[in-house]
Amino acid sequence: MTQCIEKVLFSEEEIAEKVKEIGAQISKDYAGKNPLIISVLRGSFVFMADLVRAITVPCEVDFLSVSSYGSGTVSSGEVKIVKDFENSVADRHVIVVEDILDSGRTLSYLMNTLRTRGVASLSLCTFLDKPDRRVVPVEVDYCGFQVPDEFIVGYGLDYDQRFRNLPFVGILKPEVYGG
């Protein structure tokens with residue numbers, strides 16, 4: 001798999017340090033609040049697992065699956081909830097955890113949907129932010145790293161369900177995805 005990587009952007013060690021920093025900040029900000037941490041599947045599951053272990057205040061987790069990509073490399077623009085929450089989010093302090101903020105369409109849709117469900121508070125934590133691709137504004141409360149407008153894989157992010165298990169984040173060679 002590593003032969004398909006053009007360049008490593010963030011090493012396993014850099015990622016671990018950043019996750020600890022974000023976990024410490026969330027722990028400080030949510031002291032006494034028992035936040036509900038919601039992972040947007042599938043890409044954020046690795047980040048979410050590490051992040052929850054870095055949070056030192058009591059918290060709960062749930063999962064949601066939202067899609068706007070299919071098997072392509074560019075967002076289709078059509079957002080749909082594939083798997084909804086197990087429990088109500090009403091009156092909860094919710095932190096949405098995402099792998100990458102790209103166009104903003106999916107997260108804007110999701111955050112607006114959550115607001116209509118009566119959350120007590122709502123924050124967004126994204127592992128990666130790709131601001132050059134933004135077409136819809138989205139406010140980020142916690143961000144790991146900004147990345148260039150390249151095809152990024154590793155640490156949960158995939159191309160056609162491959163490369164999620166890389167322990168680092170890298171740029172995928174264009175010949176792998178036909179770019």
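**Exercise 1.** Is Cys4 buried or exposed?

*Solution.* The model is predicted, so local features need pLDDT of at least 70, side-chain atom pairs count only at pLDDT 80 or more, and totals for chains, interfaces and linings use all residues. Residues are numbered from 1 along each chain as its sequence is written, and side-chain values use heavy atoms, with hydrogens and water left out. Take the cut-offs: buried is under 20% relative accessible area, exposed is over 50%, and partly exposed lies in between (1.4 Å probe, protein chains only). Cys4 has a relative accessible area of 17%, so Cys4 is buried.

**Exercise 2.** Find how many disulfides the whole structure holds, then check Cys59.

*Solution.* The criterion is a pair of cysteine sulfur atoms within 2.5 Å. The search of the whole structure gives zero disulfides. For Cys59, the nearest cysteine sulfur belongs to Cys125, 12 Å away. Cys59 is in no disulfide. Its relative accessible area is 24%, so Cys59 is partly exposed.

**Exercise 3.** Count the aromatic pairs and classify Phe151 with Tyr159.

*Solution.* Rings of Phe, Tyr and Trp (its six-membered ring) pair if their centres lie within 6.5 Å; planes under 30 degrees apart are stacked, over 60 edge-to-face, the rest tilted.

**Exercise 4.** Which ring does the charged end of Lys18 sit over?

*Solution.* The test needs NZ of Lys or CZ of Arg within 6 Å of the ring centre and within 35 degrees of the ring normal. The charged end of Lys18 sits over Phe145, 5.5 Å from the ring centre. Lys33 does likewise over Tyr30, at 5.7 Å.
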